Amino acid sequence: MSAAAKKTMIYRVKRALGLVKKEESANHIYYETGKRTRRAHATWYRGETTNFYPDKQAIKDLSSVDEYVGKGWLPTAPLISKEHYITAFGSCFASEVTKFLYKEGYQVFGRDMSLNSYVVRSGEGIVNSAAIRQQFEWAFEGNAPKIELWHDKAGVPGDYSEDVRNSTKQIFEKSDVFILTLGLSEVWYDKPTGEIFWRAIPKRDFDPQRHGFRVMSAAENLDNLRRVYELIRTHRPDATIIMTLSPVPLAATFRPISCITANSVSKASLRVAIDELMREPQPAEDKKFFYFPSYEMITSFLPDPMKDDFRHPTDQSVDFIMRTFQRHFLI
C-alpha cells in the first residue's frame, strides 16, 4: 500500500472514531508528488483517471520526465530500428532530431544532401502545417501550388519539377518512420489564391496588394494535419508517425503585440490541433501514431533550458530530449 493510500485509510478511521478536527471534516483524497503527500478535496468526481500537476520537488529529479511529461504519449516498447528509413522535417528543431539520429547510426533521409528533395534540402524551413501538407499532396498526388510559394533561406524560389517531386515521392514511399516537427501558426499568404508560403516573402517580391499575413486557427491546423495523416496512411499504412511541436519560439511576430504572447498563441494553435487529431476515432486507435512532448519538456520541465538568446535550447537540453526519445523509441 502506498503512503498516500495509507494516509487516506488512517484519515477515514480517525473520522469514523470522531477524531478528525472540525476544519478537516470534509472528505479528502491524498496523492504523492516529489516524495511528499499532498491533499485535495474529494467533493468532485474526478473520473477514472486523475493525474495531478507535479510540484517543483517532483520535477527536480529529471528521471521523472516519463511520469510527469511522457505519460500516456510514449510507446510501450522501442519500435524504430537501424533497418528502418526515417524522414524527419518541419521546423528548425527537426534538424536537431536528424543530426542525433544520424550520429546514432539510423537511416535518416535528412542527412543525405545529394537527394533532390525539399524535405531534405530545406527540411528545417517547412515550418507550418500548410507547408507540410503541400509536400505530401505534391509528392503523392501531383498537386503543385499555383504560384512560387517555396523559398530557401536566401529567398531563392524552388521549382515544381517532376524530378524533385519524384525524389520526394520516393523518399516518402520508402519511409518507415515520419517525424514531423511543427513550428508556428503565423503565415504569409497569396491573396488571390489563398495559398500559404513556407516562410516570409522575399522583400524584393513583396506586394501589399497581393500578399497578406494571418494567424492560422487550430481548426485550420487540424485540417492540415488530418490530411497529412490520411495521405501517409493511404500510401504508407504501416509507417510509424511521430508528431512533435518545436520548443523554439518565434524570432519575431508580425502582429502588433509582444512576441512572447504571440508565440504562446502560435504554439497553442498547433498543440490543440495535434491533440484534437489524436482524439479522433481512427488516430486514437492507431498503434503507430504518436506525439512526442519535446515542447513540454522545454517549457514546463527542464530548469533553465534555453541559451542566452532565449530562443534555442541549450545543447544539454537537446541532448536530454533526444536521449528520452532514444530510450522510448529507438531499438
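**View 1. Residues that line the largest cavity of the predicted model.** Phe93, Val97, Ile179, Thr244, Phe292, Ser294, Ile321, Met322 and Phe325 form the lining of the largest cavity, where a cavity is a set of points on a 1 Å grid over the protein atoms alone at which a 1.4 Å probe fits but cannot get out, and lining residues have an atom within 4 Å of a point. This is a predicted model, in which local features need pLDDT of at least 70 and side-chain atom pairs count only at pLDDT 80 or more, while totals for chains, interfaces and linings use all residues. The structure holds 1 cavity of 30 Å³ or more, and the volume of the largest cavity is about 50 Å³, a volume being the space filled by probe spheres set on the points.

**View 2. Helices at the lining of the largest cavity.** Helix 4 (93–103) and helix 12 (315–329) each contribute at least two lining residues, with helices taken as DSSP runs (H or I, at least four residues) numbered from the N terminus. Helix 12 provides the largest share, 3 residues.

View 3. Arg271, which lies in helix 9 (residues 259–278), is buried, with a relative accessible area of 15% (buried means under 20%, with a 1.4 Å probe and protein chains only). Its side chain makes polar contacts with the side chains of Tyr291 (3.3 Å) and Glu296 (2.8 Å), a polar contact being a pair of N or O atoms within 3.5 Å, of which one must be able to donate a hydrogen and the other to accept it. Residues are numbered from 1 along each chain as its sequence is written, and side-chain values use heavy atoms, without hydrogens and water.

Note on methods. 1 Å grid on protein atoms, 1.4 Å probe; cavity = no way out; pocket = protein on both sides within 12 Å on 5 of 7 lines; lining within 4 Å. Buried < 20%, exposed > 50% of the residue type's maximum accessible area, 1.4 Å probe, protein only.
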